[in-house]
Protein chains: 2
Amino acid sequence: MKKTLSLVCLSLTFSLFAQDDVAVKSQVADAINEIREFIAIPNDALDAADIDRNIMWLKRKFGDRGFNTAVLDTEGLPLFFAATPVSGEKPTILIYMHFDGQSVDPSKWDQPNPYQVVLKKPSDDTFETVSFDELGDDINYNWRLFGRSTSDDKSPIVMLLNAMDLLKKDGKEIPFNIKVILDSEEEKSSKPLPAAVKQYRELLESDFLMIVDGPVHASENPTVVYGCRGITTLTLTTYGPIKPQHSGHYGNYAPNPGFQLAQLLATMKDTEGRVTIPGYYDGISIDGKTDSILKSVPDSDEAIAEKLQFKTAEKVGGYYQEALQYPSLNIRGLGSGWVGDKARTIVPESAIAELDLRLVVESDGNHLKNLVKDHITKQGYIVLNHIPSKEERMQFDKIVTVEEGSVTDAFRTDLDNPYGKFIVNTLNQSFGKEVIQIRTMGGTVPISPFINELKIPAFIVPVVNPDNNQHSPNENIKIGQLAYGIKAFYGILSSEMN
Amino acid sequence: MKKTLSLVCLSLTFSLFAQDDVAVKSQVADAINEIREFIAIPNDALDAADIDRNIMWLKRKFGDRGFNTAVLDTEGLPLFFAATPVSGEKPTILIYMHFDGQSVDPSKWDQPNPYQVVLKKPSDDTFETVSFDELGDDINYNWRLFGRSTSDDKSPIVMLLNAMDLLKKDGKEIPFNIKVILDSEEEKSSKPLPAAVKQYRELLESDFLMIVDGPVHASENPTVVYGCRGITTLTLTTYGPIKPQHSGHYGNYAPNPGFQLAQLLATMKDTEGRVTIPGYYDGISIDGKTDSILKSVPDSDEAIAEKLQFKTAEKVGGYYQEALQYPSLNIRGLGSGWVGDKARTIVPESAIAELDLRLVVESDGNHLKNLVKDHITKQGYIVLNHIPSKEERMQFDKIVTVEEGSVTDAFRTDLDNPYGKFIVNTLNQSFGKEVIQIRTMGGTVPISPFINELKIPAFIVPVVNPDNNQHSPNENIKIGQLAYGIKAFYGILSSEMN
């Protein structure tokens, strides 16, 4: 019985591949044209008019594919919404993507205009520009498109549109209601999103959420991510003399804010990188089952160390995937006086540490911030939420100003969730490859508003290459990933749930 | 007998004041004109042509006063030398000053051109510009001249020239051979000086050295300084991933260079500011006599704390003057990633601490740097003098690159030195005020080459007001200090040593 089933699966898979390789390649050609058109509309969310122009393009493109569309006003820039006509019997999938992009500094790009897509082929260790005329019919999947948001996150939108086209060509029935919500301020922290999700709750109601953003696992295997870390920040400032003083006149007399800050930070972690503040890791336990899921991810800790050039990783987890199950306490910035050529012989007036705390489901951001503040108090410091007044400076020997950033929550969907199993099975069948399941990814995506409000399971299904230079100059997408994304959407949107 | 002597002193002092108050004021008027002329020649040592123009002015002005002059070529910009015709019987005084000035940013000054002297009078808590026509004959000693190098250090040169004029008018015999050496790169660390002093050794030979630079004590009493701290620097760099990494992906996995640096720095001092590295303070002891000299300086630790707005000073010494008898270990700069608006969610690639070590006579700069390096090694770090190679990064967990700055030695002349006693007595008689004797000032003046090469006692005799905004915009000199400086030079250069 089992054998028969797997034979059936195999033949299904085979037929899907056999018949669609040419069709997919032809669809990829269409997608490339659409990506060039879409990228040509600048998408830095600092410019509201550009965001509007993107929305006009999206209205037309989703409309052409039979979606009903809406522009949802928010406290900030509008969101774009599209939905297939609702059928009550079908389950509803909500797809989240974003069409805004990071700001660009054209002088740092190896092409004249980051909004004009350039085609490049690999050449030794670099890439060489190729005319689009050379693309031909037999598109080379190793060539790449370069431009802002080619990977993050415009191409995935175009992949969905082209998967819809291919489904239509193949006469496939879609067993879901599809809702699409496209963010216009993701690169600016999606500030309007929580209120907007509340406001448009009914419109967004669905059975599960799929976030299509970010790269697949470094192995380039199909990847499903069940959760991500949240984030919050703390800024610590210690104080020396009210103005910088000559280090000859006041060195070893006026209090040095750098030593104060160093002594404070040094108490927060052991020398192997574990946070020593009591309670910081409370509630987290990795059982045997979880451990084997984490270990099933084909990471090489040695390869990471080799790539990042360090001998030993911090010891929060025993290995990379385990480390990501814990909250972090990271010094992202230190500043006091000047360093390098600008260094001056002064006792600086203050020293600043910028910390970010990546959160996991077990760790509440406000609770962790309070633990850090309590710890600082226990070191003999008075914690203020403002710059100290002269009276406070004269009253207390050790003062820290602590500024708190907002909290974006972590999320984690159960690995046994049936929608998750459905996505994994579909990807496995579409590509005939083991699907990598990531319990928690290290970074943060701003989807907790959906989860908090809609109470639905969420999954990140990344489709772009890991080496896409996301957020940096020379962002790109490997053309083969366009085929991957189109096929991934095709598979998920044409398969029945068991 | 004693009584008679002090009566004589008193009458001498009285007569000096009675007769010269008008004469000094007239001389101050001449000095003001000469200062305006001298300041009008820009003196940033980055511009060699400007330095040459200053030297042309000095040649003429010292020549007019009967000095023989010479321009001494060096590895850098030339030094200016002037000497009265030598008489073998007289002791020789060598006077060091400098005519170069700190760079200016005119936009930060409250006057159009920092090289065009502006006259201002105090008005509430600030100053109000006054036309030079309003100066009149009865010059107001509380008015000020504003411009680059009005205090640091061009006016003192003009005070010497005008003291020479007044001595001539009064027909005074000068019981010294006078040699004057004027530095052209003091604000750029006087790099050519050590080699130049060696090269021109015979020319510079003298019995004692008087440095006329810097402000008098905050009390504005006559001040003689017997020593100053030296300086050297260390730059420490710790390392994280080879390039900045996303703090979500690699926070609490890739080593954080900020925590490493904090832990390293935290071990170097106790929480009250004392260096805990064994041997750092070796050889220093403050005996009863020294303690009373230090305590005779009319400082108010309370006033300093009030002014700099801190509750408690570091505990290296029990009070301000005592603290300056010890070497410092000062964090003058910290840098890692970004802080403030530019903060980014990264694990930075490195963290840097800029340290300066102020030295005293008992502490050899190279020895202290070695103590710090040994201490770092004892914390489990490998100390490199270069950026680590990939091999080194993969071989060692904890790496610090230590860059060492050059050493400028401290100096300290014995407080019983007869030339010192002579200067103190003369100032005491000229002004009828207690002379403040500073054993070691906190800052550094680059005169160790003279002391090392010529083996002569050295004294700093500051003449300008403490609130002169030295090195900053709106540098100024109180006109009363011109009278002070002229009288100080007059007294010293016309008094016989006992």
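**Cavities, backbone and helix packing**

A: The second largest cavity holds about 100 Å³ of space. Its lining has 13 residues, and the closest to its centre are F310(A), Y239(B), F396(B), D397(B) and I399(B).

Q: Before more of that, what are the ground rules here?
A: This is a predicted model: local features need pLDDT of at least 70, side-chain atom pairs count only at pLDDT 80 or more, and totals for chains, interfaces and linings use all residues. Residues are numbered from 1 along each chain as its sequence is written, chains are lettered from A and ligands numbered from 1 in the order in which they are written, and side-chain values use heavy atoms, with hydrogens and water left out.

Q: And what counts as a cavity?
A: On a 1 Å grid over the protein atoms alone, a cavity is a set of points where a 1.4 Å probe fits but cannot get out; lining residues have an atom within 4 Å of a point. Grid points are joined across faces, edges and corners, and the volume is the space filled by probe spheres set on the points.

Q: Which residues line the largest cavity?
A: From chain A, Y239(A), G240(A), P255(A), Q260(A), R393(A), F396(A), D397(A) and I399(A). From chain B, Q309(B), F310(B), K311(B) and T312(B). By class, that lining divides into 5 nonpolar, 4 polar and 3 charged.

Q: Switching to backbone. Where are the cis peptide bonds in chain A and chain B?
A: One joins D152(A) and D153(A), with omega about 15°. Another runs from D152(B) to D153(B), with omega near 20°. Most peptide bonds are trans.

Q: Where does D153(A) sit?
A: D153(A) is in the loop between β6 (144-146) and α3 (154-169) of chain A. D153(B) lies in the loop between β6 (144-146) and α3 of chain B. Helices (H or I, at least four residues) and strands (E, at least two) are DSSP runs, numbered from the N terminus.

Q: What about phi at E220(A)?
A: Phi there is near 65°, a positive value in a residue other than glycine. E220(A) is in the loop between β8 (208-211) and β9 (223-225) of chain A.

Q: Now helices. How do α2 and α3 of chain B pack?
A: Helix α2 (residues 48-64) and helix α3 (residues 154-169) of chain B pack at about 20°, with axes 11 Å apart. Axes are lines fitted to C-alpha atoms, for helices over the stretch in contact, and angles run from 0 to 180 degrees between N-to-C directions. So α2(B) and α3(B) are roughly parallel (angles under 35 degrees; over 145 is roughly antiparallel, 65 to 115 roughly perpendicular, the rest oblique).

Q: Which residues make the contact?
A: On α2(B), N54(B), W57(B), L58(B), K61(B) and F62(B). On α3(B), K154(B), I157(B), V158(B), L160(B) and L161(B). Contact means heavy atoms within 4.5 Å. The classes are 7 nonpolar, 1 polar and 2 charged.

Q: And α3(B) against α15(B)?
A: Helix α15 (residues 479-494) of chain B packs on α3(B) at about 55°, with axes 8 Å apart. That makes α3(B) oblique to α15(B).

Q: What classes of residue are in that contact?
A: The contact of α3(B) with α15(B) divides into 12 nonpolar, 5 polar and no charged.

Q: What's the angle for α3(A) and α15 in chain A?
A: About 55°, with axes 8 Å apart. α3(A) is therefore oblique to α15(A).

Note on methods. Nonpolar A, V, L, I, M, F, W, Y, C, P; charged D, E, K, R; others polar. 1 Å grid on protein atoms, 1.4 Å probe; cavity = no way out; pocket = protein on both sides within 12 Å on 5 of 7 lines; lining within 4 Å.
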